[in-house]
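My entries follow the model below.

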Amino acid sequence: MDMSSKKEMIFTGIPAAPGIAFGQAFVVNIDDLPVTAEPVEKNRVEDEIARLESALKQTGEELSGLHSALAAEMGEEHAKILDSHIMLIADELMKTDTIQIIRSDKVNAAYAFSRVIDKTLRAFDQMEDQYLKERAEDIRDVKKRVIRNLFGQKVEGLANLRREAVVVAHNLTPADTVGFRKKFVKAFVSDMGGSTSHAAIIARSMGIPAVVGLDEISSHVKPYDKLIVDGISGQVILHPKEDTVALYQQAQERFLEMEEELLTIKDYPAVTLDGRTIELSANIETIDEVEDIKSHGAKGVGLFRTEYFFITRGTLPGEEEQYRYYSEVVKNVAPDPVLFRTLDIGGDKIAAWVDDTQEENPFMGWRGIRFTLSRKDIFRTQLRALYRAAVFGKVRIMFPMVSVVEEVRQAMDICREVQEDLEREKYQFDHNVETGIMIETPSAVAMADVLAKEVDFFSIGSNDLVQYALAVDRGNSRISYLYSPMHPAILRFINDTARAAHDNNIWVGLCGEMVADARVRGTLLLIGLGLDEFSASAYLIPEIKKIIRSVTYDETKFMVKMALKKATATEVVELIDRFIEEKRPELKELIPKGPG
């Protein structure tokens with residue numbers, strides 16, 4: 001078929017790594033093999049168990065080899081994102097449960113193994129937390145590999161790619177990317193995934209444009225089809241017309257020029273034209289992202305989500321294991337600070353070592369500080385490891401999901417007890433670690449003046465705050481239009497929180513995705529709201545820094561005063577756009593938009 005006769009199609013997903021790329025498709029075949037229950041004769045049961053053990057061993061060897069290859073290609077830190085795969089394949093409980101099904105039901109190993117894995121996957125699929133939902137892809141990848149080894153089929157990655165191409169897949173795991181050459185991969189495109197998926201992390205670290213969460217693009221794309229990938233707006237164009245290509249070529253030139261300009265200021269201070277300094281730091285989940293912090297000019301870590309370290313393990317990590325991991329993070333970021341959020345797990349966030357307690361509304365249930373205060377053994381162990389790791393740099397500790405002051409007081413009492421224990425046991429630790437809380441519930445905002453007297457800082461979790469304040473689940477497509485960090489109610493909540501913090505002489509930051517979601521507009525509002533610190537994805541830091549360095553605090557403060565009087569999010573956006581047009585038109589180029 002003549003290329004010109006193919007209809008142009010536009011797909012919209014989640015922008016995972018910025019940039020614009022053109023290329024022919026390389027379609028990764030990662031279809032799952034069909035698994036059905038097949039009876040096994042009684043005298044063949046032990047042979048079937050032996051087949052299972054052989055496949056598990058083979059998969060473990062494959063993953064260890066992939067770990068080594070990924071370490072060689074991208075460094076040891078990136079290879080650590082395969083640790084969860086390796087731990088899962090070595091899980092004795094998983095193996096025991098599968099063998100039990102083979103023996104009791106006398107069925108084939110592939111079916112028994114699928115039943116065991118699918119039970120875990122169902123728990124993950126019920127989670128509200130998008131980040132942990134994406135971790136289920138690790139489990140699916142292990143399942144695929146074991147099943148293929150049971151069937152005697154080889155899993156192909158991208159190692160055979162030897163031409164420049166846009167990689168298209170249903171989903172991309174770290175193992176899928178092992179062995180590929182960066183010079184050949186122009187962009188990543190996938191049906192599955194979110195901004196914290198492995199493909200997104202790898203793409204950002206390599207400077208490769210990526211769009212994920214496209215739902216069904218892989219079913220429409222054939223090998224060598226022409227594609228345009230816009231990692232800025234989250235659009236992918238299949239069979240682009242000539243005039244579309246020309247528009248995106250212009251957009252690519254503008255983007256590259258802007259990126260080059262932004263990186264020239266990455267090491268400059270984040271200070272407004274009238275002298276107000278704002279601390280810019282990064283949100284990360286794993287130590288492999290530390291290099292991104294340095295290369296983009298972030299001032300340390302404003303949110304280290306410790307859940308990932310816990311959720312990927314079949315057993316609860318002990319104090320020494322946590323201490324070694326946190327210490328490595330602190331050493332690599334020093335002398336800049338690392339803000340560790342204590343374990344935000346429970347309810348909708350499930351780990352293998354947590355009792356499977358079902359809740360009707362887990363997002364308002366047993367999670368965050370509620371979980372750790374009910375499991376003081378886990379809480380104390382994590383705090384001990386964090387206090388000990390603090391001797392290697394500047395550590396901050398933050399408690400999530402605070403809704404009442406009693407929770408903070410109990411947590412601070414435990415902190416004091418832990419320090420007393422460490423001193424009595426002659427451990428080296430930092431006595432002066434800053435301790436704060438996340439402001440992400442309406443009750444925490446309402447009681448901010450009281451809470452500020454209990455802690456050293458506030459960090460606003462805008463994701464949950466928006467959802468709780470507006471009663472909107474942004475994962476619900478029917479009402480997601482109501483989710484807006486620009487809503488005047490949210491601005492009033494942030495304003496009240498900042499005022500309470502400063503009245504009590506503590507600093508206040510924001511670690512949610514408000515900056516990423518609202519970009520220029522959100523950053524301008526947060527400057528005017530008087531926040532002392534912003535934390536965002538590392539790749540956004542140069543852009544945020546440019547915005548801060550382009551305005552005065554006084555003019556953004558006046559704009560916020562007007563915004564707080566508006567009735568709708570639309571009116572707030574219009575107000576900010578008028579401000580940009582009239583006072584800072586040079587910032588218009590940073591507002592994400594399509595070509596043209």
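I began with helix H12 (residues 319–333), which lies across strand E10 (301–305), strand E11 (338–341) and strand E12 (395–399). H12 runs at about 150° to E11. My angles run from 0 to 180 degrees between N-to-C directions, with axes fitted as lines to C-alpha atoms, for helices over the stretch in contact; contact means heavy atoms within 4.5 Å. Helices (H or I, at least four residues) and strands (E, at least two) are DSSP runs, numbered from the N terminus.

Next came helix H14 (residues 376–389), which packs on the sheet and touches E11, E12 and E13. Its direction makes about 160° with that of E12.

A note on sources: this is a predicted model, where local features need pLDDT of at least 70, side-chain atom pairs count only at pLDDT 80 or more, and totals for chains, interfaces and linings use all residues. Residues are numbered from 1 along each chain as its sequence is written, and side-chain values use heavy atoms, leaving out hydrogens and water.

Then I traced the barrel: eight strands close it in the order E9-E10-E11-E12-E13-E14-E15-E16, with parallel pairing. Strands count as paired if DSSP finds at least two bridges between them. On average, neighbours in this sheet are turned by 25° against each other, direction ignored.

I zoomed in on E13 (residues 434–439) and E14 (residues 457–460), parallel strands joined by four bridges. There, Met438 has Ser459 in E14 as its bridge partner.

Strand E4 (residues 165–169) pairs with E5 in the parallel sense over five bridges, and Ala165 stands opposite Val185.
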